[in-house]
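Look at the model below.

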Amino acid sequence: MREAGRAEKRARILEGAARVFASKGFLTATVAEVAREAGVADGTIYLYFRSKDDLLLRLVEARMQALRAAMEEELARYEDPRDKLAAFIRFHLRMVEQSPLEAQVLIVELRQSGADLQRALGELMRPYLALLGGVIEEGIACGAMRPLDPRAVRHAIVGALDEVALSWLLRGRRFDLARNAEHLADLFVRGLDNQPPRSPR
């Protein structure tokens, strides 16, 4: 029971941090504000996290682990790497739409953090982004995708996804994110396709 209670309180603190960091920005947010949002005493935060930086890292770590597991499950539904690529793009932006506060923390705060924190955050995101790299490498290896530099292609796709998501978040979520996902999927799948057109599925 005690362990369950600790896990529940830790999760509540992370949820509170996500809301505070998204609404106030990581740099200006305080641990006291996170504590109030989570409904705990200020000092309680430090029983679970070493610092505000550690709180952000653990928040990103938890979200990226969950996102990676969900993406692996989604990609497992497809065999053709081109279909996997389209699925990655659609699913990624769907997660942004379903969890905008978390997305804002992951996308916006990564840009605004200091160099050391950015490196640490980048390491936490690497396993998730490796899924995309794996899809591209698989597509090139089997001849379904053009033999371009997989790293450059991955950077191009991630950059496009980040820019679309960032624009959606900062402009008040006014445009259709799902439609943009379809456009990006079509753009990259067609651009990388190395085989004759397939019959509609």
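Which residues does Gly-143 touch, not counting residues up to four places away in sequence? Gly-143 touches Asn-194 and Gln-195, where contact means heavy atoms within 4.5 Å. This glycine is found in the loop between helix H7 (115–141) and H8. Helices (H or I, at least four residues) and strands (E, at least two) are DSSP runs, numbered from the N terminus. Gly-143 is partly exposed, at a relative accessible area of 26%. On this scale buried means under 20% relative accessible area, exposed over 50%, and partly exposed in between (1.4 Å probe, protein chains only). The phi of Gly-143, which follows H7, is positive, near 85°. From Gly-143 to Gln-65 the separation is 78 residues in sequence and 31 Å in space, C-alpha to C-alpha.

A word on the source. This is a predicted model, in which local features need pLDDT of at least 70 and side-chain atom pairs count only at pLDDT 80 or more, while totals for chains, interfaces and linings use all residues. Residues are numbered from 1 along each chain as its sequence is written, and side-chain values use heavy atoms, with hydrogens and water left out.

Now the whole chain. It has nine helices and zero strands. Its C-alpha atoms fill a box of roughly 60 × 35 × 30 Å, taken along the principal axes. Of its 201 residues, 44% count as buried. Among contacts with a separation of 6 or more, 72% come from residues 24 or more positions apart.

Buried residues of H7 include Leu-117, Met-125, Tyr-128, Val-135 and Ile-136.

Leaving aside neighbours within four places in sequence, Lys-84 is in contact with Leu-75, Tyr-78, Glu-79, Val-135 and Glu-138. Is Lys-84 buried or exposed? Lys-84 is buried, with a relative accessible area of 15%.

Turn next to helix H9 (residues 177–192). Its 16 residues reach 22 Å from first C-alpha to last, close to the 22 Å expected at 1.5 Å a residue; the expected span is 1.5 Å times one less than the number of residues. Asp-176 caps the N-terminal end of H9, with a side-chain oxygen 3.1 Å from the backbone nitrogen of Ala-178. Leu-177, Ala-181, Leu-184, Ala-185, Phe-188, Val-189 and Leu-192 are buried in H9. They cover an arc of only 120° around the axis, so they sit on the same side of H9. The arc is that of the directions from the helix axis to the C-beta atoms. Arg-179, Leu-187 and Arg-190 are exposed on the other side. The buried residues of H9 pack against helix H5 (81–98) and helix H8 (150–170).

Finally, the core. The largest nonpolar core has 65 residues. Such a core is a set of buried Ala, Val, Leu, Ile, Met, Phe, Trp, Tyr and Cys residues joined through side-chain atoms within 4.5 Å. Ile-13, Phe-21, Leu-85, Leu-93 and Ile-157 have the most contacts inside it. H8 gives the most to this core, with 10 residues. Leu-93 touches Leu-161, Val-164, Ala-165, Leu-177, Ala-181 and Leu-184, not counting residues up to four places away in sequence.

Key
A polar contact is a pair of N or O atoms within 3.5 Å; within protein, one must be able to donate a hydrogen and the other to accept it, and residues adjacent in sequence count only if both atoms are side-chain atoms.
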